[in-house]
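I opened a structure I had not seen before and kept notes as I went. Here is what I looked up, entry by entry.

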Amino acid sequence: MPHKNDNPSTRAAALRRHPLTLAILLAPSGVAFGAELPAYVAAGPAAGMAAMGADASPGGAFGPEPALGPEPVEYNAAFLNGGKVDVSRFEKGNPVTPGVYPVDLLVNGKGRGRLDVRFLAVSGSDVAAPCFNLTDLRRVGVNDDRVIERLTENGKTAAPRQNECIPFAKAVPGATAYFDTGALELNLTIPQLELRHEPRGYVDPSRWDQGINAGIVQYNFSAYNNTPHQGSTFTGAYLGLQNGVNVEGWRLRQWATLTVGTRAGTHWRSNQLYAQHDVTSLKSQVTLGDSSTDGNVFDTFNVRGVQLASDDRMLADYQRSYAPTVRGVAETNARVLVRQNGMVLTEINVAPGPFEINDLSTAGYGGDLEVVVVEADGRERSFLVPYASIPQLLRPGVARYNLTAGVYRDFSLNTQPAVFQGVYQRGLTNLLTGYAGVQASTGYGAGLVGAAFNTEFGALAFDITGARTQLPKGSSSAGYSARISYGKEVPETRTNITVAAYRYSSSGFYSLRDAIYARNAGPDRFYSLPSTVDGVPSWVTNPYGLSPQASDSWNDYRVRSRLQVNLTQPLASKGSVNFMAGIQDYWSHRRGRDVQYQAGYGNSLGRVSYSLYATRVRTLGLGMDTQVGLTFSVPLDSSAATRSDGFHHLTSTLSRYSSSDYATQATAQGSSRGEHPLYYSVSASRSASGGRGDASGGGTFQYYSPVGTYGGNISFGGRNNQVGVSASGSFAIHAGGITAGPPLGSAFALIEAKGAKGGQVIDGQGAKIGGRGYALAPSLTPYRVNQVGIDPKGVSLDVELGNTTQEIVPRAGALVKVKLVTDQGLAVFATIADATGEPMPMGAQVFDASGKAIGIVGQAGLAYMRGVEGNGQLEVRWGDEADQSCSAPYDIPSSKPGNNKTNMASEITRIELRCVRQARPAVKMSSSIKGDKRDADVRPTTRNQT
């Protein structure tokens, strides 16, 4: 229907308003849609949908072709006001006019995010059909190589340009497209043969959103006041800042700290400053500035320079953890099940011949895979695929790498030696992963080679590192370090050995860190450092917390061997046992051996859970310390329903030490209910040491508000009292202003919903749309599909939300803008009648003074409209003829009695209008309603009612 402001965005807003009314209007006709209509249009006006399929041949890039028009469907108009309404406009679905529409895209029922889709005119039809360029087809998941081959007729014609809009029916024959105009949702049904194979958990990189240009500030603040019973009071404060700027995909970040104290003074330090950008084709990140290496092969270290490293977060879900590829042969059309520890991991149908399953998602770190092949005649065959995992194992074909060059960064050193590292890991087969690496620094070089194996006896990794170090005074040292790691889960007993590792280093071996300290700190200089270095206390510069002795040297702290074991053993319904052991010794016999053992047992009795534990620790030659204890926890909630909105429980611990000291502690903790929960903890304890007993107590709380997390603590005891406060949150500086929010995490979104003040961000720590129309959605998962939206509860009825959620895929560190369409204006239910009081015909359209359609008349003359405020004239049309319309004056007071315009959530305006016929030229309408010529006097009876 031609009228003012006729553009795709206006039409899109209008389409969102009317489907419910159309459903009410047409439901009585009882016409079923679907199989009777061709694929070109098969949807059903009651759903507000139009569909375009393979038979559609829209014009555009390849020119118009004859189109198969939709099969007309007749409605029984006698059900609508005695046949006065012309419903012919609905016989071909809800027409879609040409233009670009922002749609939520679904492919075979699965969401693919939001995309601007162009709809082209179709020759001989009033329904437009979609078209896509090659980039968008890849985004949809279509195998664009097949599209190019088809359109070029195997090279006989030129390939389409990258940005050329190809009619969907030509690009993918046999596919259909259903457009829900009410929800602005385009559902594509595409044959599997036309789609690219996308592994489980795969998200196409074309959907990765680098976000908007913005500034970001995250803060973490704490302060305390400590008052000893003897001595002077001292205070301190800490402010941690993560400042950042996002510009065209680059992320500039600075991590800085400010410490203030009555004893230590004031110190500001910039800990890290770097710029980072995704390298999508390599599934990697490039970092310029201060960063840290990962510890997958070599020990991690801080570097200032450039680093190019693979990012596992960019991989599909199944590629991020190890699992073997399952291969087999089916004799018929068979069903293949893969089970692990009795749980079905996947079930697929395969054709006769060889098959391969390479996207398994396994559970835990072990448990052989049972593969069952069920043939079409019922025969079953099964076999086992060994599976155990350790961090070094990668899936076949998956690789990790790290290239780092710069200077070694350590605050305790007075120099920054140059450093280089290169690491490469690759999954070669189900059974074998290979890895290698090199490290180099001034006067130091090391090389590593290793392999990880998946065997029926468990997962095993072995590597050996050789290093040569040029020491001070011209001496040199060479040596090696060997490491072996093991992991296994025994299904029969459910015994889980998560990590068992042993490393041995020869006397001449220096790690990179050991070598740099030995070369630059020297035997004595390391311990002759002042109490602070650049304002940092000595306990930071001395990473081992050692008390120096005159004869100590750095060599005294080089590790000779290290053993670590972690074991868990469930005991069915009788709880579980866990055990951990760590032993480490040094080349200096004076340092002795570090030993740590820990064992525990946990179970529950009714609603009471309890655990027993024992630890035995000796560190750097100090005495052995043994501790045993009992902990039990009792929920204080009366029912599961209460616990669903919050939790409250009491925990008590009794500990005894080898020195005959003991400690008891009781803690009550929990959370309040509501949008902004308050977590609390209150404790009391008593300890005895050296024949002296001390009692203490205290409490903490943490409040999660829409713009941050705030906390406080207080403690008191026999020796000192302390109070403290804390706060953390964020700010985003963007084109629309400054928006405050909670701590953001690794990816986040800026929601824009103009006028929707009070709308609560879903899973956003209670964050709400502010007066400027913005809110921050924190803690999104980078490179994965995230649902971001707001709960309209609390939003004024003067605002209509076109959509409340949106799918986004943010890149790491990106601030993605999510714009939720809003339609602002007073919500009005108008009862429209003629001068005799007879309701206007159902289906008549209502227009404002600008010619914009704002409503459709439903049963009993009732129309829902938005944006009608003040006074003016509305026009009601029910046909194409000049006398098939009337004018309805309205006058709505600016405020309603007893209503404060700040709270409209529970109120709505109702008015009564009388419509008078007016003479005007005949206008052809896309929505015509014939018959029922009315004469009416102007008798406005406008009322404001709640």
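**Entry 1**

Leaving out residues up to four places away in sequence, I found Phe-132 touching Leu-115, Val-117, Leu-137, Val-140, Glu-164, Cys-165, Ile-166, Phe-168, Leu-186 and Leu-188. Contact here means heavy atoms within 4.5 Å.

Before going on, I noted the ground rules. Residues are numbered from 1 along each chain as its sequence is written, and side-chain values use heavy atoms, with hydrogens and water left out. As the model is predicted, local features need pLDDT of at least 70 and side-chain atom pairs count only at pLDDT 80 or more, while totals for chains, interfaces and linings use all residues.

Next I asked which residues have the most contacts inside the largest nonpolar core. They are Phe-132, Leu-186, Leu-188 and Ile-190, in a core of 28 residues. A nonpolar core is a set of buried Ala, Val, Leu, Ile, Met, Phe, Trp, Tyr and Cys residues joined through side-chain atoms within 4.5 Å. Buried means under 20% relative accessible area, exposed over 50%, and partly exposed in between (1.4 Å probe, protein chains only).

I then looked up where the core residues come from. At least two residues each are supplied by strands S2 (99-107), S3 (110-120), S6 (176-180) and S7 (185-189), and by helices H3 (134-140), H4 (144-151) and H5 (168-171). S2 gives the largest share, four residues. Helices (H or I, at least four residues) and strands (E, at least two) are DSSP runs, numbered from the N terminus.

I also noted a second, separate core of 27 residues, which includes Val-297, Phe-298, Tyr-322 and Val-423.

**Entry 2: Rings**

I counted rings of Phe, Tyr and Trp (its six-membered ring) as a pair if their centres lie within 6.5 Å; planes under 30 degrees apart are stacked, over 60 edge-to-face, and the rest tilted. That rule gives 13 aromatic pairs. Phe-132 and Phe-168 are edge-to-face, because their ring centres are 5.6 Å apart and their planes stand at 70°. Phe-132 is in strand S4 (residues 129-132) and Phe-168 in helix H5, so this pair ties together parts 36 residues apart in sequence. I checked burial too: both Phe-132 and Phe-168 are buried.

Elsewhere, Tyr-101, Phe-119 and Phe-179 make up one aromatic cluster.

I looked for charges over rings as well, meaning NZ of Lys or CZ of Arg within 6 Å of the ring centre and within 35 degrees of the ring normal. Arg-560 lies over the face of Trp-587, at 4.5 Å from the ring centre. Arg-877 has its charged end over the ring of Phe-847, 4.1 Å from the centre.

**Entry 3: Arg-251**

Is Arg-251 buried or exposed? It is buried, at a relative accessible area of 6%. I located Arg-251 in strand S10 (residues 250-261). Its side chain makes polar contacts with the side chains of Asp-278 (3.0 Å) and Gln-285 (2.7 Å). A polar contact is a pair of N or O atoms within 3.5 Å; within protein, one must be able to donate a hydrogen and the other to accept it, and residues adjacent in sequence count only if both atoms are side-chain atoms. Beyond its neighbours within four places in sequence, Arg-251 is in contact with residues including Tyr-274, His-277, Ala-812, Gly-813 and Ala-814.

**Entry 4: Positive phi**

Most residues other than glycine have a negative phi. Lys-283 is not a glycine, yet its phi is positive, about 50°. I found Lys-283 in the loop between strand S11 (265-279) and strand S12 (284-292); Lys-283 is partly exposed, at 26% relative accessibility.

Tyr-783 also has a positive phi, near 65°. Tyr-783 sits in the loop between strand S43 (774-777) and strand S44 (786-791), and is buried, with a relative accessible area of 0%.

**Entry 5: H6 and the whole chain**

How many residues of helix H6 (residues 512-520) are buried? Seven of its nine are, so I wrote the helix down as mostly covered. Among them are Leu-512, Ile-516 and Tyr-517.

Last, I took the whole protein chain. I noted nine helices and 57 strands, and 47% of the 946 residues count as buried.
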